[in-house]
Amino acid sequence: MQLTTNQPHSSGSRAIVDTHSTEFPVPAPEALRRLVDQVLGGGDAILAAANGGGQELLDQAAERLEALRLRVLRASAAAPGGLSLSGLMAQVTGQPDLAAHDDEVLDRGFQALTVPGAGCDGIVLMVGGAQALQRTALRYLQFACRAGSALRLVLAGEHGPDLAGDEVSHLRTRLAAHPVITV
(Lines give C-alpha, C1' and ligand atoms only; values in the text may rest on other atoms or scores of the structure.)
Protein backbone atom coordinates (compact mmCIF):
# COMPACT_ATOMS: atom_id res chain seq x y z
CA MET A 1 0.00 0.00 0.00
CA GLN A 2 1.30 3.42 -0.76
CA LEU A 3 0.71 6.18 1.71
CA THR A 4 0.90 9.84 0.77
CA THR A 5 2.64 12.17 3.17
CA ASN A 6 1.42 15.67 3.90
CA GLN A 7 4.86 17.13 3.26
CA PRO A 8 5.52 18.21 -0.31
CA HIS A 9 8.81 17.34 -1.98
CA SER A 10 10.92 20.05 -3.56
CA SER A 11 9.11 19.30 -6.81
CA GLY A 12 5.84 20.39 -5.19
CA SER A 13 4.25 16.94 -5.33
CA ARG A 14 3.44 14.93 -2.22
CA ALA A 15 5.87 12.21 -1.18
CA ILE A 16 4.71 8.62 -1.47
CA VAL A 17 6.00 6.08 1.00
CA ASP A 18 5.65 2.41 0.09
CA THR A 19 5.15 0.77 3.49
CA HIS A 20 3.02 -2.28 2.76
CA SER A 21 2.53 -4.93 0.21
CA THR A 22 -1.06 -4.96 -0.96
CA GLU A 23 -2.76 -8.11 -2.10
CA PHE A 24 -5.46 -8.29 -4.73
CA PRO A 25 -8.96 -7.65 -3.38
CA VAL A 26 -10.56 -10.68 -1.80
CA PRO A 27 -14.17 -11.50 -0.90
CA ALA A 28 -15.31 -10.53 2.60
CA PRO A 29 -15.18 -14.08 4.06
CA GLU A 30 -11.57 -14.49 2.91
CA ALA A 31 -10.65 -11.03 4.23
CA LEU A 32 -12.18 -11.95 7.59
CA ARG A 33 -10.19 -15.20 7.72
CA ARG A 34 -6.93 -13.42 6.87
CA LEU A 35 -7.56 -10.65 9.38
CA VAL A 36 -8.29 -13.10 12.22
CA ASP A 37 -5.30 -15.30 11.26
CA GLN A 38 -2.92 -12.32 11.25
CA VAL A 39 -4.08 -11.20 14.69
CA LEU A 40 -4.02 -14.73 16.15
CA GLY A 41 -0.50 -15.11 14.75
CA GLY A 42 0.55 -12.13 16.87
CA GLY A 43 0.49 -9.59 14.07
CA ASP A 44 -1.32 -6.43 13.19
CA ALA A 45 -3.68 -5.99 10.25
CA ILE A 46 -4.60 -3.20 7.89
CA LEU A 47 -7.93 -3.62 6.16
CA ALA A 48 -8.52 -1.48 3.07
CA ALA A 49 -12.22 -1.20 2.29
CA ALA A 50 -13.88 1.58 0.35
CA ASN A 51 -16.92 3.51 1.58
CA GLY A 52 -16.87 2.18 5.14
CA GLY A 53 -17.20 -1.40 3.92
CA GLY A 54 -14.88 -2.66 6.61
CA GLN A 55 -17.25 -2.00 9.53
CA GLU A 56 -19.13 -5.27 9.18
CA LEU A 57 -15.84 -7.17 8.88
CA LEU A 58 -14.54 -5.46 12.03
CA ASP A 59 -17.71 -6.47 13.87
CA GLN A 60 -17.36 -10.10 12.77
CA ALA A 61 -13.63 -10.17 13.57
CA ALA A 62 -14.23 -8.67 17.02
CA GLU A 63 -16.78 -11.38 17.78
CA ARG A 64 -14.39 -14.16 16.74
CA LEU A 65 -11.38 -12.69 18.52
CA GLU A 66 -13.27 -12.13 21.78
CA ALA A 67 -14.27 -15.81 21.73
CA LEU A 68 -10.55 -16.65 21.55
CA ARG A 69 -9.54 -14.88 24.79
CA LEU A 70 -8.59 -11.55 23.26
CA ARG A 71 -9.94 -8.28 24.66
CA VAL A 72 -11.15 -6.15 21.78
CA LEU A 73 -11.23 -2.37 22.05
CA ARG A 74 -12.94 -0.31 19.37
CA ALA A 75 -12.37 3.23 18.18
CA SER A 76 -13.59 5.25 15.22
CA ALA A 77 -11.71 8.03 13.48
CA ALA A 78 -14.67 8.84 11.26
CA ALA A 79 -15.62 12.12 12.98
CA PRO A 80 -14.76 15.39 11.24
CA GLY A 81 -11.13 16.26 11.96
CA GLY A 82 -10.14 12.65 12.53
CA LEU A 83 -9.17 10.97 15.78
CA SER A 84 -6.95 12.89 18.18
CA LEU A 85 -5.19 11.44 21.21
CA SER A 86 -7.89 12.74 23.56
CA GLY A 87 -10.57 11.24 21.30
CA LEU A 88 -8.74 7.91 21.22
CA MET A 89 -8.46 7.87 25.02
CA ALA A 90 -12.14 8.78 25.36
CA GLN A 91 -13.13 5.80 23.21
CA VAL A 92 -10.65 3.33 24.73
CA THR A 93 -11.61 4.18 28.31
CA GLY A 94 -15.30 4.76 27.70
CA GLN A 95 -15.02 8.33 29.02
CA PRO A 96 -16.85 10.50 26.46
CA ASP A 97 -16.43 13.71 28.49
CA LEU A 98 -13.28 15.15 26.92
CA ALA A 99 -13.19 17.98 29.48
CA ALA A 100 -12.50 15.43 32.23
CA HIS A 101 -9.37 14.07 30.54
CA ASP A 102 -6.30 14.28 32.67
CA ASP A 103 -3.37 12.09 33.62
CA GLU A 104 -5.73 9.54 35.16
CA VAL A 105 -7.50 9.00 31.83
CA LEU A 106 -4.16 8.65 30.04
CA ASP A 107 -3.11 6.10 32.66
CA ARG A 108 -6.37 4.15 32.28
CA GLY A 109 -6.00 4.26 28.49
CA PHE A 110 -2.42 3.04 28.71
CA GLN A 111 -3.48 0.17 30.99
CA ALA A 112 -6.34 -0.72 28.64
CA LEU A 113 -3.92 -0.87 25.69
CA THR A 114 -1.07 -2.73 27.40
CA VAL A 115 -2.43 -4.98 30.19
CA PRO A 116 -4.64 -7.85 28.96
CA GLY A 117 -6.24 -8.56 32.33
CA ALA A 118 -7.65 -11.77 33.77
CA GLY A 119 -9.07 -14.20 31.26
CA CYS A 120 -7.42 -12.56 28.25
CA ASP A 121 -4.31 -13.51 26.33
CA GLY A 122 -3.97 -10.25 24.45
CA ILE A 123 -5.51 -6.96 23.38
CA VAL A 124 -6.75 -5.93 19.96
CA LEU A 125 -7.46 -2.30 19.12
CA MET A 126 -9.68 -1.95 16.06
CA VAL A 127 -9.84 1.51 14.52
CA GLY A 128 -12.37 2.29 11.80
CA GLY A 129 -11.59 5.19 9.48
CA ALA A 130 -7.90 4.75 10.34
CA GLN A 131 -6.78 7.04 7.52
CA ALA A 132 -7.99 9.91 9.74
CA LEU A 133 -5.83 9.09 12.77
CA GLN A 134 -4.07 12.26 13.85
CA ARG A 135 -0.30 12.28 14.46
CA THR A 136 -0.67 12.51 18.24
CA ALA A 137 -2.82 9.37 18.28
CA LEU A 138 -0.38 7.54 15.98
CA ARG A 139 2.56 8.47 18.22
CA TYR A 140 0.66 7.26 21.28
CA LEU A 141 -0.23 3.97 19.60
CA GLN A 142 3.43 3.53 18.71
CA PHE A 143 4.33 4.19 22.36
CA ALA A 144 1.76 1.64 23.59
CA CYS A 145 2.98 -0.96 21.08
CA ARG A 146 6.56 -0.52 22.25
CA ALA A 147 5.60 -0.60 25.94
CA GLY A 148 3.91 -4.00 25.87
CA SER A 149 3.72 -7.03 23.66
CA ALA A 150 0.01 -7.72 24.20
CA LEU A 151 -1.36 -5.03 21.85
CA ARG A 152 -2.30 -5.84 18.27
CA LEU A 153 -3.68 -3.23 15.91
CA VAL A 154 -6.37 -3.62 13.28
CA LEU A 155 -6.61 -0.44 11.22
CA ALA A 156 -9.48 -0.27 8.74
CA GLY A 157 -10.30 2.43 6.25
CA GLU A 158 -10.19 3.49 2.64
CA HIS A 159 -6.40 3.58 2.95
CA GLY A 160 -3.87 3.42 5.76
CA PRO A 161 -2.87 6.28 8.04
CA ASP A 162 -0.08 8.70 7.16
CA LEU A 163 3.02 6.96 8.51
CA ALA A 164 5.66 9.19 6.94
CA GLY A 165 8.40 10.63 9.11
CA ASP A 166 10.80 9.45 11.75
CA GLU A 167 8.38 10.09 14.62
CA VAL A 168 6.32 7.00 13.69
CA SER A 169 9.03 4.88 12.09
CA HIS A 170 8.61 2.02 14.58
CA LEU A 171 4.87 1.86 13.89
CA ARG A 172 5.46 2.03 10.12
CA THR A 173 7.95 -0.87 10.33
CA ARG A 174 5.63 -2.89 12.54
CA LEU A 175 2.63 -2.46 10.23
CA ALA A 176 4.71 -3.22 7.14
CA ALA A 177 5.35 -6.76 8.43
CA HIS A 178 2.02 -7.96 6.99
CA PRO A 179 0.24 -7.32 3.69
CA VAL A 180 -2.74 -5.02 3.52
CA ILE A 181 -5.98 -6.97 3.29
CA THR A 182 -8.06 -5.41 0.53
CA VAL A 183 -11.79 -6.08 0.29
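What percentage of the 183 residues in the protein is buried? Buried residues make up 46% of them, where buried means under 20% relative accessible area, exposed over 50% and partly exposed in between, with a 1.4 Å probe and protein chains only.

This is a predicted model, in which local features need pLDDT of at least 70 and side-chain atom pairs count only at pLDDT 80 or more, while totals for chains, interfaces and linings use all residues. Residues are numbered from 1 along each chain as its sequence is written, and side-chain values use heavy atoms, with hydrogens and water left out.

**Whole chain.** Start with a cartoon view. The protein has 6 helices and 7 strands; helices (H or I, at least four residues) and strands (E, at least two) are DSSP runs, numbered from the N terminus. Read from the N terminus, the order of elements is β-β-α-β-α-β-α-α-β-α-β-α-β. Of the contacts (heavy atoms within 4.5 Å) between residues at least 6 apart in sequence, 70% join residues at least 24 apart.

**The sheet.** Next, select β4, β5, β6, β3 and β7. In that order these 5 strands form an open sheet with parallel pairing; two strands pair if DSSP finds at least two bridges between them. β4 (70-76) and β7 are the edge strands, each with a single partner strand, so one side of each has no neighbour in the sheet.

**Strand β6.** Select residues 151-157. Here 7 of 7 residues are buried. L151, L153, L155 and G157 point one way from β6, while R152, V154 and A156 point the other way.

β5 and β6 run parallel and are joined by 6 bridges, and V127 stands opposite L155 in β6. To get from β5 to β6, the chain passes through helix α5 (residues 135-147) in a right-handed β-α-β crossover. Right-handed here means that, with the strands pointing away from the viewer, the path from the first strand over the helix to the second runs clockwise.

**Strand β3.** Select residues 45-48. β3 pairs with β6 in the parallel sense over 4 bridges. I46 stands opposite L155 in β6, and A45 has V154 in β6 as its bridge partner. A45 and L47 point one way from β3, I46 and A48 the other, and all are buried. For β7, select residues 181-182: 2 bridges join this strand to β3, again in parallel, and L47 has I181 as its bridge partner.

**Helices.** Show α4 (residues 103-114) with α5. Their axes are 9 Å apart and the packing angle is about 55°; axes are lines fitted to C-alpha atoms, for helices over the stretch in contact, and angles run from 0 to 180 degrees between N-to-C directions. α4 and α5 are therefore oblique to each other. (Under 35 degrees counts as roughly parallel, over 145 as roughly antiparallel, 65 to 115 as roughly perpendicular and the rest as oblique.) In side chains, L106, G109, F110, L113 and T114 of α4 meet Y140, L141, F143, A144 and A147 of α5.

Last, select α3, residues 85-93. This helix lies across β4 and β5 and runs at about 140° to β4.
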